[in-house]
Amino acid sequence: MRFSRAFIPTLREVPADAEFVSHKLLLRAGYIRKLASGIYSWLPLGERVVQKVANIVREENNRVGGQELLLPALHPKELWDETGRSAVDVIFKLKDRGDRELVLGMTHEEVITDIVRTEIRSYRQMPLLLYQIQTKFRDEPRPRGGVIRGREFLMHDCYSFHTSLESLDETYRQMYVCYARILRKMGLDFTAVEAESGAIGGSISHEFMIVVDSGEDTILISDACDYAANSERCEIGDLPICEAPEPDALKLVSTPGKRTIEEVISFLGVAPEKLIKTLIYQDQEGEVVVALVRGDRELNEAKLGRVLGGRTVTLADAETIKALTGAPVGFAGPQGLEGVKIIADKELHSGGNWVSGANQEDAHVVNLNLGRDFNVSQWADLRVASDGDPCPRSSGTLHARHGIEAGHIFKLGAKYSAAMGASYLDQSGKEQPVIMGTYGFGVTRVVGAIAEQFADADGLLWPATVAPFDVTLLCLNVDEDSDAADKLYKQLKELGLSVLYDDRPERAGVKFKDADLIGVPVQLVVGRGAKEGKVEIRQRGKGEKREISLGEAASVAFAMHKDLIDQLTRSADAVRAPW
Ligand SMILES: Nc1ncnc2c1ncn2[C@@H]1O[C@H](COP(=O)(O)OP(=O)(O)O)[C@@H](O)[C@H]1O
Ligand SMILES: [Mg+2]
C-alpha cells in the first residue's frame, strides 16, 4: 500500500477523553474513531489488525475441530425468556413494526441451543464444536478503554455439545489450549485463572487474563504452585489462629449518625481491622442470613452464595434490617441476634475486643468478644482475596496483578439444554439432555489489549503476527530515490510481504514519526545511502539500525519478518494443558 493513497488519518493531539495508552494511540495512529460512547469505527489500519486477530482465532479453533457458522445479531425476545436471560440488564431491546419485541445478541447460547434442539436427534451427531466471529451488543454501564469495553464489539463465541461429561472435559481442555495458543501467537503476557461463572451459569470456568496495570480485573497468583484465580473467585488459605487478647469489659458508645466503616473509625479513632462488619443478606426465597467480615475486608457475595448451597444473595432492605436488629441501617452487630444464621469469615477467629454496631440507633459497642458476647453458626472463607493472602493450595502467598479478560471458557453442563429442551436419544434409545460447553474470546478487545501491552513513548509496537503490514518502507527523498524505492517495494511484494510504502513528499522526520506511531515491526529506509546502493533496516522498538545492500534488502526484510513469526509460533507450540 502506498502511503500517499492510504486512508491513515493520524492525529497530532492526544484526544482528551482517552485514558488508556492503547486508546490514545489507536486514535492518534488512525486505527479507530469514536462514533458514540463504547461504539467505534475501525479504519483501514485497524480493520487489518482485527482481521489478523480473527484469522488466528479461526485457524486455532479449526485445529481442534471447530466448524464456523454465522448466527443472527437480531433475536426474538421470547427465545431469551426461555432461559430467563431477557432480564439481564446489559441486553439491548427493541421492537419491530408489528410491535414484536426483539433483542440484540449479547452472546448466543440461546440461538445455538435453539438450532441444536431441532437438528440434533442422536448421540451419533456429537461431540460437535461450532463457532462464529460476530458482532455482539451490550449496554455496558461503564464503557471503558475505547475498544476494550465497548457496547458493540466483535467476539469469537464457540459452543460444544456432548453426550457425556468426559467428552465435555476433553473439549474444554482443547479449548483451554486453543485460547492459550492464540494469545501466545500474538506474543501476549497472560495468565489463565479460575473464574466466577456469573450470569452465564455453569460450574467450572477459566478466564484468560492479559496482564497489564490498567486492567480492570484483579487476579491473584500463587508464588508456590500454579494456583491463579480472579479475585471474584479466589479462595484463601488458612492463617494460623492468633491467641485472643484478654477480653475487656463490653462498652456501649454513642456514635450519632456514624454508619459507615470510615465514619466509625475516624469518630472512634480505631483501626478498621478492629471492626466487625455485619452484613445482612437475603436469598432469593427471602431467607435472612448475617455475614461477618473484618472491617478492612470486603465480603465476596459469590462465596457467601456458595456457602449457602449455591443461592443468589442480595443485601437486605432497610425494613428487614430494622426487623432483625431493631436499628436502622449502619448500626448492626452480631450480638443478641435471634433465630438467624450467622456466618463469619474464618479470619475473625483471630483477634478480639472488637468494635461493632450496637443494634441500637446511633450506637456502637467496643470490646465485643466471641463466645462471651456473640456466637457464630458457621465459619467460612467469605471475603475477597487480596495481595499477600495465603494460597489455598500450597504454603505460598498470593500476589495481586491487574488483567484484561481476553477469553472465558465455561462448562455449562445441561443448564441451557434443560431450560430449552435440547435433548437426544442415547444408545439405548433413551432421551437425554445435551451437555454443553461455551467459550468466548474478545477479538476487538484483544486488539486494544495488544496495543496496551505493546507500546512505547513513540507509538505502537505490533507483534508480527497481527501487525497491519509486515514491513514499512520509507523513501526519505522522493525526488531522488523513488526509482530505487519503487523497485524494492515490488520485490518485497513478490516475496509475499504486505508493505506500507511511505512515498509521500514529506520531510524525513515526519515519516519516521509516523512509522513509529503506526508500529509496523520491520522498517526499511531508503535514504542518503541509496546512491551507494545502501539502505537501512530496523526492527520497530529495537533501537539499532543496520546498513545493508539495496540488492539484498528484500530478502533480509523477509528473513527478519519470518524470524519474528517463527518465534511466536514456537511459543504457541510450547503450550501444554495444565491437567
Ligand atoms: N463490552 C465488551 N467489549 C469488548 N469485549 C468484550 C465485552 N464484553 C465481553 N467481551 C469479550 O468477550 C469475551 C466473552 O465475554 P463474557 O465472558 O461473556 O463477558 P463478561 O465476562 O463481560 O460477562 C470476554 O472474555 C471479552 O474478551
Ligand atoms: Mg467473562
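**Figure 1. Salt bridges across the predicted model.** The structure holds 48 salt bridges. This is a predicted model. Side chains of opposite charge can pair when their charged atoms come close.

**Figure 2. Close-up of Glu 216 and Arg 144.** The side chains of these two residues meet in a salt bridge, with 3.8 Å from N to O. The pair links distant parts of the chain, 72 residues apart. Glu 216 sits in the loop between strand 10 (204–211) and strand 11 (217–222). Arg 144 sits in the loop between strand 7 (128–137) and strand 8 (152–162). Glu 216 has a relative accessible area of 39%, so it counts as partly exposed. Arg 144 is also partly exposed, because its relative accessible area is 30%.

**Figure 3. Close-up of the largest cavity.** The structure holds 1 cavity of 30 Å³ or more. Its volume is about 70 Å³. Glu 216 and Arg 144 are among the lining residues. Phe 20, Ile 148, Arg 149, Ser 214, Gly 215 and Asp 217 also line the cavity. So do Gly 403, Ile 404, Glu 405 and Arg 445. Strand 21 (residues 398–413) gives the largest share of the lining, 3 residues. By class, the lining has 6 charged, 3 polar and 3 nonpolar residues.

**Figure 4. Close-up of Glu 347 and Arg 383.** A salt bridge joins Glu 347 to Arg 383, and the closest N and O atoms are 3.3 Å apart. Here too the pair links distant parts of the chain, 36 residues apart. Glu 347 lies in the loop between strand 17 (341–345) and strand 18 (354–357). Arg 383 lies in the loop between strand 20 (378–380) and strand 21. Both Glu 347 and Arg 383 are buried.

**Figure 5. Close-up of Asp 456 and Arg 540.** The side chains of Asp 456 and Arg 540 meet in a salt bridge, at 2.7 Å from N to O. The partners are 84 residues apart and link distant parts of the chain. Asp 456 belongs to strand 25 (residues 455–456). Arg 540 is in the loop between strand 30 (534–539) and strand 31 (545–549). Asp 456 is partly exposed because its relative accessibility is 29%. Arg 540 has 5% relative accessibility, so it counts as buried.

**Figure 6. Close-up of a salt-bridge network.** Salt bridges that share partners join Arg 294, Asp 296, Arg 297, Asp 345, Glu 347, Arg 383 and Asp 389 into one network.

Key:
Residues numbered from 1 in each chain as written. Chains lettered and ligands numbered in written order. Predicted model: local features only at pLDDT ≥ 70, side-chain atom pairs only at ≥ 80, totals over all residues. Heavy atoms only, no water. 1 Å grid on protein atoms, 1.4 Å probe; cavity = no way out; pocket = protein on both sides within 12 Å on 5 of 7 lines; lining within 4 Å. Points joined across faces, edges and corners; volume = space filled by probe spheres on them. Helix = DSSP H or I, 4+ residues; strand = E, 2+ residues; numbered from the N terminus. Nonpolar A, V, L, I, M, F, W, Y, C, P; charged D, E, K, R; others polar. Salt bridge = Lys/Arg side-chain N within 4 Å of Asp/Glu carboxyl O. Buried < 20%, exposed > 50% of the residue type's maximum accessible area, 1.4 Å probe, protein only.
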